[in-house]
Amino acid sequence: MSSDIEPNDDMILEVRNLSVSFSRGGKQMKAVDDVSFTVAAGETLGLVGESGSGKTTIGRAILRLLPDANTKAEGDVRYKKTYLNTLSNADMRHMRDRLQMIFQDPLSSFNPRRNVEDIVAEGLVIQGRPASERKSRVEAALSAVGFDPASVAGRRPHQFSGGQCQRIAIARSLAVEPELIVCDEPVASLDVSVQAQVINLLQDIRESRNLALIFISHDLAVVKNVSDRVAVLYMGRIVEIGTGPQIYERPAHPYTRTLLEAVPVVDATHKIEPDGKRTVMPSRNRPEGGCAFRSRCPRASEVCAQNVPTLQPAPRGQMVACHHPHDEPAPGMAA
Amino acid sequence: DEQAVSGGEMTIIAGSDIKSWDPAITSGTFPGGPMDQLDAVYGFLVYVDLEGKVQGGMAESLTSDDAVVWTLKLRPEVKFTDGTPYDAEAVAYNWKRTANPDTLAPAQPFVSSWIDGVKIVDPLTIEITLPTANRNFGSTLAQSAPFVGSPAALEAAGSDKAAIKPVGAGAFLFESWDQGISLSFKRNPDYWDQPRPYLDTLKFAIIPETNSRISTVVQGGATMMAGYPYQFGANAEAPGVATHEIPIPGLYRAYFNQKAGTFTDHRAREAFYHAIDPGRLMQAYTQVEGYVIPTNYFTQASPFYDPTYTLPTYDPAKAQELFNELAADGKPFKMKLVTYTNSDLKRLSSYVQQVLSAYENVEVELELVDQAMLKPQCQTQVNFDLCVDGGVLVANGAEPIISNLLKTGGVDNWGQYSSEAMDGFLAAANATMDETEVKAAYANVQKVVAEDLPLYIFGSETRFLLLRDNTGGIVPSNGGILQKQYLYVCEDACAAE
Amino acid sequence: MTDIGNMPAFKPGPNAKLGDIVRHAMPWSSKLKLPGATPFEMLAAIFLVLLVLVALLVDFVPGLVSPKLPYGDFSQLPEWSLNGLLGTDDIGRSIFSRVLHGARTSMMIVAISTTIALVSGLLLGMLAGYYRGIFERGVDLFANALAAMPSTLVVLAFVAVTGPSVVTIIVVLGIFDIGTYARVAKAGVISQSNRDYVLAARAMGATDGRILLKEILPNLIPALTAVMPTLMAGLIITEGSLSFLGYGIPAPAPSWGGMIASSTDLLSRFPVLIVGPVLAIVLTVYAFNTIGDYLAQRLNNRERES
Amino acid sequence: MLNSAMPYLRAISTRLLTGILVFLLVTFSATALSSLAPGSAAQLILGDYATPEQIAALNAQYGYDLPIWQRYLSWLGDLLRGDLGVTLFSQQPILGVVLERAAVTFEIAFLAMAVSLIGIPVAMYTASHPNKLTDKIMRSVSTVLLAVPTFVIVVLFSYLFAMVLRWFPATGWAKLTENPVANLWYVALPVLCLSLHQTAYLYRVARNEFVATLQEDYIAVARARGLPLSYILFNHALRPAMPQILTVMGLSLTYMLAGSFVVESYFAVPGIGWTILSAVKSHDIPLVQAILSLTVVIFVIVFMLVDLGYALIDPRVKVS
Amino acid sequence: MDATLASQPVLSCTAMTCEMDSVSGPLQILQDINFSLDTRRALGIVGESGAGKSMLIKAIMGIAPRGLRTIGKIELDGQDLSSLKPKQRAKLIGRKVGIVFQNPMSSLNPFVQIGRQIEEAGCIHLGLSKTEARARSIELLSFVGIPDPEDCYDYYPHQFSGGMKQRIMIAAALICQPDVLIADEATTALDVTVQKEVLDLLQTIQTERQMSMILVSHNLGVVAGRTDEILVLYGGNVVEYGPTSEVFRNPRHRYTEALLSAMPAMDQPAHTRLRTIPGQPPNLANRPTGCPFAPRCASAQAKCHEVMPAMAPGVHPGHRFACHFPLAEIARPASSDSAHVE
Ligand SMILES: Nc1ncnc2c1ncn2[C@@H]1O[C@H](COP(=O)(O)OP(=O)(O)OP(=O)(O)O)[C@@H](O)[C@H]1O
Ligand SMILES: Nc1ncnc2c1ncn2[C@@H]1O[C@H](COP(=O)(O)OP(=O)(O)OP(=O)(O)O)[C@@H](O)[C@H]1O
Ligand SMILES: [Mg+2]
Ligand SMILES: [Mg+2]
């Protein structure tokens, strides 16, 4: 079904038909189901979706960071000319200076027993760089995220605030000079005031180094700000993918619209009229067969229960996996 | 015995369990030991009384005029509890069984030496003709083969010792045995000597801890335990409790290995005697001062005591000299002391080690083994230099213990001591009924002991019972084992002395 | 030993805290860094430090007699002198000297057994926690089997085989603690593996060996040190029980359990003589347990904060 | 309902499987060890005058000369046939002996456990008033109690209560079924000695667990709702703290079964602790094996019960 | 102020300060808090993490951690809470205030059936009988939109999703028919779509039951359309307090304004640079002498570093802020959708 996505050399990353399933207590659970997308050099792809929709799993599957024990991953991940999924562990290790990751909880992504320079230098140590080179690159990376290397020297991660920690995490990734960074909810644990700093920092770095980013977040406003293109995930499948304006201004998938409607807007000019129906949304368990969203979908029909919708071009150019896509502006959006 | 009353129950505390009911396998003379438990079921055929005289038990008498021909008279109408008669046939059967090497009886060498001279005169009379005169035949028999089991029961068990059922004609009937915990007997209603036994129930309780044993008696949880006054301390004065002396002196001794190792050299044995102050050693052992230290095998209380021949005395300078001499000869004094894990013995051995270690050219190693492993290690494997057996060895009436200890190949001769002179004097003492000849022979024995130093003799003591003061009918036999048929529970404190 | 007479006078007022008194009496104790420790914990730490010092330096204590040679008469009651402080034992040795030398015996057993257990437990636990699967099952099985066997009994059986020997005791006791260390290490590895820093290291291209040794291992140390004192206290108790039963350290080496056993028999006549060794073992176990609790509490707090 | 029972069944069967493996491991080690020990049963049965040949012959008769694994297999075979044999000397059926003595040990262990349960309410109280005087006192007391090894407690208590004060019997036993009153009297000291340590241990674990539980968010919620402290303790804190307490109780039960030999041999109580000790000494290997097997079986059962307890207490637990 | 019945506040705090000892000296966790909540009104409390939002709620509820000293007056329904004994106080609050906490996963006791957890406060405070309590909890369960309330009564918390748990928490908070409902970050841990459902539910209940409500959040968007008044906390101080629409439309304190513009908005194009607030929130152990925000404020003057600004009234009635150099009042039509026009 994704054969229409041609191998494209502008795209530094291509994910094709990626499926990941976890086995738990004998049961197989498909966390990612046949996902395909590409990322161009210097481009930011936003991944949004509710909790458990498989965002993190996709990010980790690309970087081959999923646990081996109970995981089964299928599909191709091509980085430039290399198929990452077929590399040996040793070869993959060599790729790691080009592909990096930033985690949601910066503090827990640092070894509490290390000091800041060691943390930032770790990738370089693993890559076997000489000490002198390490020192200069660590300093450069720390300066790039706005630290005075001398003043942070020797300090431990817990002596820094959340925003500072996230900046150190970015420095750690930058030190190895990667070409693509997967950012897994990098600002979710941060306060608004700090979140802005980190987002700005990521944007600056992206521009100055022509970095490609995969930016995972459940905050649609943040994703809108940072992304060139956005993929909306629902239960392990991409339900809509397109450029930011396409998705935000004319969302075609009913789920995308639900998400957009739910975003709390900083607008106190009028009181929100609460939705009077207070019944809970029907269970969020995946229904058997058909479109996974149909149990929550106001537009669901017979066909939704029978056929799994595939990604199709929507009127505004984005791709949407829906039998009944919308073609009107987003709620609250001017046409 | 006047006020003896029937009924009641007594519990004798034992230190360890018996291993089988085989009447041919007996050892130990201490109350609570295996012989004590076998006595309840089998009863003594003959026994040695406090004066050292052989008395009739299940038998009426054992007598001889010339020490060569002995007549055993049995009592009429005695029956084993399985109904078979306790007659000459049964006794002879048991002796034959003991003489058979397959039975593995300790008394096998003794019994087999005269088994061919056994003649059944009538169902109640046996005549034994010894190959050589043995004035101590009766006491030796009482000590080493006193029990007679029902031939039918023994026959039934075949070669499987564990399968032997306790069927005797003794005062009590075996009731139950809880391995490692307790044994229980009930009155034999058909006992020949009515109204004895007096007790309805007799029990043995196995309690390993000395303190626990003492408290148990003090609290009335058991009737009696054997021990020494130093162990009882103030508990002997507790209400309801009495002590009872069994006035037969015993020897504390240790075996020198004379087959191999340091002590094969006479100087080493002598040095050992010189090196340790036996008075202090006894004090360390018992934590009580003022023991009289025996000067030879026979103590002052013994009719055979001869002050002429004495063992070497404490003389550290001399000891050091000998140790140096040994070292100079390339035979440095290096010994392994083996004993079992009893706290008194631990103390004793630690003291020996401590004292010897203060000398130069001396090395002492201790090995504490399980009580059950002591005999195998010392007797069978002869794997020691000095082996200390616990408790005292009853030395009344010289035989059979003295021969067992000192004769070449004697069953208790763990040190493998062997001396023709000694063997000759021991035989001479046995061969005559003449008291002066006996005395002369034993004087020579003491001379050889003082010269050869076959054993390390360091103390003597009599054994005591700690018992409830309402215990009556205490009739010791063979140096300490109470005859169960006489025991009774009295109303007042009849045991208090 | 410091001369008590030379200490400056210090009169604890009614409101003086135990901690002040301790700090005053032992000025160096404030250098012992135990953040947030109560006075009892300080005392316990000081006690353990002293114990280790005693174990190392007992031979150099001036005036202290040998623990193997007679000092006075048998079973002498305590008197006011260095060697007679706790009385003499049943064969006249100084109990005080034996208690101090017993500390060396106990500390040596504790140190070596713990090293054995810690190294093997750590290795097994890390493999089990990191690779899970068959490793984990094997290690669990091993730990369960150890837990299902009464350790004292097994040592008894071993002692029956090899004869009483320090080596046997140390090794068997060490083996019995492997299970616990392995469990703690395993749990630690599993919980650390769930932290993102392990993933971050993988993302940097770290090998399993590097992750285990350089990333995870240092973070296991707090949990391991927190269980260590408690296990050490257990070792002291087990060693004491064995020596008490007569299967422990061979004589004449001084051991607390053996000393208690020998005073037990004479308890009705010389009850005071049991005080020294009992106090030694109780205080030591108390100190180990207290420090163990302190470390566990700190670990808890740290985990809660993070 | 069958569906909801399935996970339990699976959890129990995996436990059982582990249990069986542990059982095999432990009993095999026991066989191996016993065959290495010096001396032999034959030696003890035949007495001190047996020749090495006779001993060897009897060993052959008992099969003690076979290689370890063969001996082990034949023992296993006998076990599967339900034939545990008889004790070496008294020829009692081992099964009966072991069960009877296990009952004694169980009684002591259970009573000690029951006594130690008073640690829980005390823990509840002190945990809800942390760092108050009672808490401090109880903590110190329990630390001190934990520091006194059982053998020291046994020595001191038997000296004090049996020798000096004579309140309780120094040794002995009366069967519960035959004389319950006497049984209580005999059981008092052993139980006291065992439970002291136990109570302190349980108290500490329970206190720490309650302190931790009381810091949970849902306790804050309950407090915010103005619920009284006692209500919160019993209705909200007790159950969450139970799994940990249960684990400790399970561990202690096995500890008490295994660690009972000092207590039992000192008080001459006919339980399995003392029995195994004397059986080891007298090389009664079938008896040792039987007791060890029982210990493992108990261990497995106790932990299965603990698991089951988790499932009963904690509604979230379905499969281990 | 005249005490007419209409403006009688349900809950008010006057000059409330909370202090706590720490290793580095006493911490002023909250300083001089004043606010009052009228009946049927909703108050939003916003601020960064560590600003003291939860502490404020806990201090009011009397469940602050050990060692916290609360000075000042808290009045509930006209009754001064500090004059009550702890037990009475707990009972009063338990009856009059319902509370929903941040983490639905940990706020429900996993060991107790949810029905019991809902009704227990009712049984204790109102003396409801078992059957009454059961009936009422089932009614509440269906009221908060839990399907099959009869069955759910006996379920355990783990059988519900996060959003459902939060609804159950709401039901439990309503059992005593409280006058005030407090939601402390009640939706932070939830997905956006679920957050909307829960917020809608809270708002509906508040109006239906004519309760007062306090909505605590660090997300300005959450309180924006759903509250009447808003209280902005910064480092334990109230920096701005006033009608929600006023504060959002025309923030006067520079912190409030900075916070608002730091948020990425849905109406900005991609890659818009966001405004940042440099520096970090104040260290409570070592507060700056002047305005707590001064070290991070772009327009701070010397005075700001020296003098602590007092709360000053703004133009709009009820709008107060603590800033020496507040932002200018912008005149804009009161009700307009112009915010959405680019
Ligand atoms: N190691 C694992 N083993 C088993 N299941 C897993 C594992 N990791 C993730 N899952 C499951 O896979 C699904 C997708 O998880 P994932 O973490 O990718 O979601 P997400 O979109 O990142 O959610 P969130 O917003 O909560 O981070 C979830 O249902 C999760 O429970
Ligand atoms: N138990 C405590 N001991 C000491 N300080 C505390 C304690 N609890 C909270 N604090 C401090 O009180 C201040 C206010 O904390 P509070 O939890 O009220 O913040 P908050 O605004 O609710 O933050 P968040 O958005 O993270 O929930 C913080 O600086 C915090 O460090
Ligand atoms: Mg995620
Ligand atoms: Mg909060």
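These are my entries on a predicted model, taken one topic at a time.

**Entry 1: which chains touch**

I began with the list of chain pairs. Which pair has the most contacts among the seven pairs of chains that touch? I got chains A and E at the top of that list. I also looked up two pairs that do not touch. Chain A and chain B stay apart, with 50 Å between their nearest C-alpha atoms. For chain B and chain E, which do not touch either, the nearest C-alpha atoms are 48 Å apart.

**Entry 2: chain E against chain A**

I went to the A and E pair next, as the one with the most contacts. On the chain E side I have 57 residues in the contact, and on the chain A side 49 residues. The two chains bury about 4400 Å² between them, and carbon and sulfur atoms carry 57% of that. I then asked which residues of chain E lose the most area to chain A. They are V192(E), M266(E) and H271(E), which together make up 18% of what the chain E side buries.

Five helices of chain E each give at least two residues to the side facing chain A: α7 (162–174), α8 (192–209), α9 (220–224), α10 (244–249) and α11 (254–262). Of these, α8(E) supplies the largest share, 11 residues. Sorted by class, that side of chain E holds 22 nonpolar, 21 polar and 14 charged residues.

How many salt bridges are there between chain E and chain A? I wrote down two. I looked at R273(E), whose side chain meets that of D204(A) in a salt bridge at 2.5 Å, N to O.

**Entry 3: chain C against chain D**

The buried area is about 3200 Å², with 82% of it on carbon and sulfur atoms. I found one salt bridge in the count for this pair. R204(D) makes a salt bridge with D293(C), and their closest N and O atoms are 2.1 Å apart.

**Entry 4: chain D by itself**

While there, I checked what chain D is built from. I found 14 helices and zero strands. I also noted the box filled by the C-alpha atoms of chain D, roughly 85 × 60 × 35 Å along the principal axes.

**Entry 5: the sheet in chain A**

Back to chain A for its strands. Four of them form an open sheet in the order β2-β1-β4-β5, with antiparallel pairing. The edges are β2 (27–40) and β5 (82–83) of chain A, each of which pairs on one side only.

I walked across the sheet pair by pair. Strand β1 (residues 11–24) of chain A is joined to β2(A) by 10 bridges. In that pairing I picked out V20(A), which stands opposite V32(A) in β2(A). Helix α1 (residues 55–62) of chain A packs on the sheet and touches β1, β2 and β4 (71–79) of chain A. The direction of α1(A) makes about 115° with that of β1(A).

Between β1(A) and β4(A) I have eight bridges, again antiparallel. F22(A) has T71(A) in β4(A) as its bridge partner. Two bridges join β4(A) to β5(A), and there Y79(A) stands opposite T82(A).

Definitions and conventions
Residues are numbered from 1 along each chain as its sequence is written. Chains are lettered from A and ligands numbered from 1 in the order in which they are written. This is a predicted model: local features need pLDDT of at least 70, side-chain atom pairs count only at pLDDT 80 or more; totals for chains, interfaces and linings use all residues. Side-chain values use heavy atoms; hydrogens and water are left out. Contact means heavy atoms within 4.5 Å. Buried area is the accessible area (1.4 Å probe) that two parts lose on being put together, summed over both. A salt bridge is a side-chain nitrogen of Lys or Arg within 4 Å of a carboxyl oxygen of Asp or Glu. Helices (H or I, at least four residues) and strands (E, at least two) are DSSP runs, numbered from the N terminus. Ala, Val, Leu, Ile, Met, Phe, Trp, Tyr, Cys and Pro count as nonpolar, Asp, Glu, Lys and Arg as charged, and the others, Gly among them, as polar. Two strands pair if DSSP finds at least two bridges between them. Axes are lines fitted to C-alpha atoms, for helices over the stretch in contact, and angles run from 0 to 180 degrees between N-to-C directions.
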